[in-house]
Amino acid sequence: MNISKISLLLILLPFWVLANNQDSLSIFKEKNLSQQHTYIKERLNSVKNIDTYITAFSDKARGQKDTLYIAKSYYFKYRTYRKAKAYSEAHSAIDKAILLAKSSKKDSLLGSFFHAKGATFYMQSNFKAALDYYLKAYDIMRTKSSISKLLTLKFNIAVMKLRVGKTQEASLQFYKIIHSYDSLLSTKPNSYALKKNFIIMLNNTAKARTDLAMYEHAIELYSRSLLLNETINYLPAKCIAIGGKGNVYTAEKKYEKAIEKLNEALAISTKDKESDLVTPYLLLDKGKCLFGLKKYKEALENFVEIDRIIQTKKLNFPNLDEAYQFLGKTYVQLGNHEKATEVYDQYIKRKKLNDEKRFELYQTIFEGYDLKNVEYRAEKAAKESNLFKSYFTQAILAIILLIISAIAFFMYYRNKQKQKFTKFHALIKELKTTEVKDVETVPTGYVLSDEKASKILNNLEVLETKLFFLDKKYNLSTLAKKCNTNSSYLSQVINKYKEKTFSEYMTDMRITYVLNALKNDKKLRSYTIQSIAEEIGFKKSESFAKAFKKRTGFNPSYYIKNLDKL
């Protein structure tokens, strides 16, 4: 072929491609509605100009007044809007599809549309609305839907369980669902939709395993997800799987290895629009790694960027609250205590709000899914045999009582945690105030009408500054000798002027000391409770913990854990 022919071919090539595309649409228009539906369904995620095909499909369905296919055309439009994150238009399209499905009395289709609307709410961080629609879908789909659709819906509900902290239960459900989905995929090994859903399930199961500290299994699941993804190249799931490995390494404190994976995932999420919601989670793990490596300035950049993304996109994912906790800790390390206080206040507000949302979801899952599942299974069994009717009725009553007890316990536990949290911050404030007073106030000695008592109290004050109470050898008798008096009179003075018994006086001094020592000494916080108890004069950790709780309202371990968050 000579140069002139090649040049002519290059000139005509764009016109040939254009004509070929036009012919494809023309051929599509000649197909019947069923064929057009199949064509769009198979190419919905792969063809760039799919909107023109959906319009042609919609026009034909309207021309033939086919309500079922008109509803499906709205569903296809909904999918394209959702992909473009045009959520308002997506809701409008799926609402029209829902109305048509209701009027046609197509329950299986209605279940799918409810599920789709719930998925959109989930993407908008409106988890309560998402769960409500998932449960509406479940009521229909558990008896009138395909196995793959039901498994996907069950999986989404399990994700909600993971969100409210029911990690163990969610993890078990994930495992059962992916086992069933694995079998389903073996019957249709080339299905893009099945592969995509399965990859998403593998990633979420891996995350649940990470939360349960089952790190090896999590890595295996992420690797399996990436291997399967090679056949379809679904970028959001690829980004999550790579970042998920980074999350595992972060949890294991393998910071350098984690950062390598997180940077690899960030290279995808910052370029791919569908993956951009993963970015703040990747930045959170990266920031935690840099904090662990004591690279506080670099860590700060990541946490500040997360805050910018949250504010810009108005995200309300509860598991991003940790970013504010670490942002505050980073400001503390960099000496900016004013900014740290501001961030902690923001963290507390977000945590309180999201705790309330978690409980609302927790209750909805119990009442809308778990309880209904029990009732459904009981009804089904009763139909099969009346012999089991009494048994299942009793079982339902027992489970209802169990659920009510669980909810009551959850509310009680949450209130106790709130009270403890409030007490903790009040205590820290009190300790800080006391520290300021200690610096500003100079002891002047006791001046009492009882000269002997005054001398004893002044001696006690001197001994207190020398931390005598930390020495196990001190008892009433040895302390009396140090104060130049006898045990009986010393006991009377302490009772009268300290308004405590000798034992209470010693215990109170030790607890006051350890509260400040733990607050100011990070190394001491790394000791065991037994070692801390011995350091301040207690023989047993149990007696120390009992005295500590009596004074503060919570255990030493709770105090230490929350100090580490400051």
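Residues are numbered from 1 along each chain as its sequence is written, and side-chain values use heavy atoms, without hydrogens and water. Because the model is predicted, local features need pLDDT of at least 70 and side-chain atom pairs count only at pLDDT 80 or more, while totals for chains, interfaces and linings use all residues.

Start with the rings. Rings of Phe, Tyr and Trp (its six-membered ring) pair if their centres lie within 6.5 Å; planes under 30 degrees apart are stacked, over 60 edge-to-face, and the rest tilted. By this rule there are 23 aromatic pairs.

Take Phe121 and Tyr133. Their ring centres are 5.8 Å apart and their planes stand at 25 degrees, so this pair is stacked. Phe121 belongs to helix α6 (residues 107-123) and Tyr133 to helix α7 (residues 127-141), so the pair ties together parts twelve residues apart in sequence. Helices here are DSSP runs (H or I, at least four residues), numbered from the N terminus. Both Phe121 and Tyr133 are buried, meaning under 20% relative accessible area (1.4 Å probe, protein chains only).

Now turn to Phe548 and Tyr559. This aromatic pair is tilted, with 5.6 Å centre to centre and 55 degrees between the planes. Phe548 lies in helix α25 (residues 541-552) and Tyr559 in helix α26 (residues 556-563), so parts eleven residues apart in sequence are tied together. Phe548 is buried, at 0% relative accessible area. Tyr559 is buried too, at 0%.

Return to Tyr133. The charged end of Lys117 sits over its ring, 5.7 Å from the centre. Lys136 lies over the face of Tyr133, at 4.5 Å from the ring centre. A charge sits over a ring if NZ of Lys or CZ of Arg is within 6 Å of the ring centre and within 35 degrees of the ring normal.

Note on methods:
Helix = DSSP H or I, 4+ residues; strand = E, 2+ residues; numbered from the N terminus. Buried < 20%, exposed > 50% of the residue type's maximum accessible area, 1.4 Å probe, protein only.
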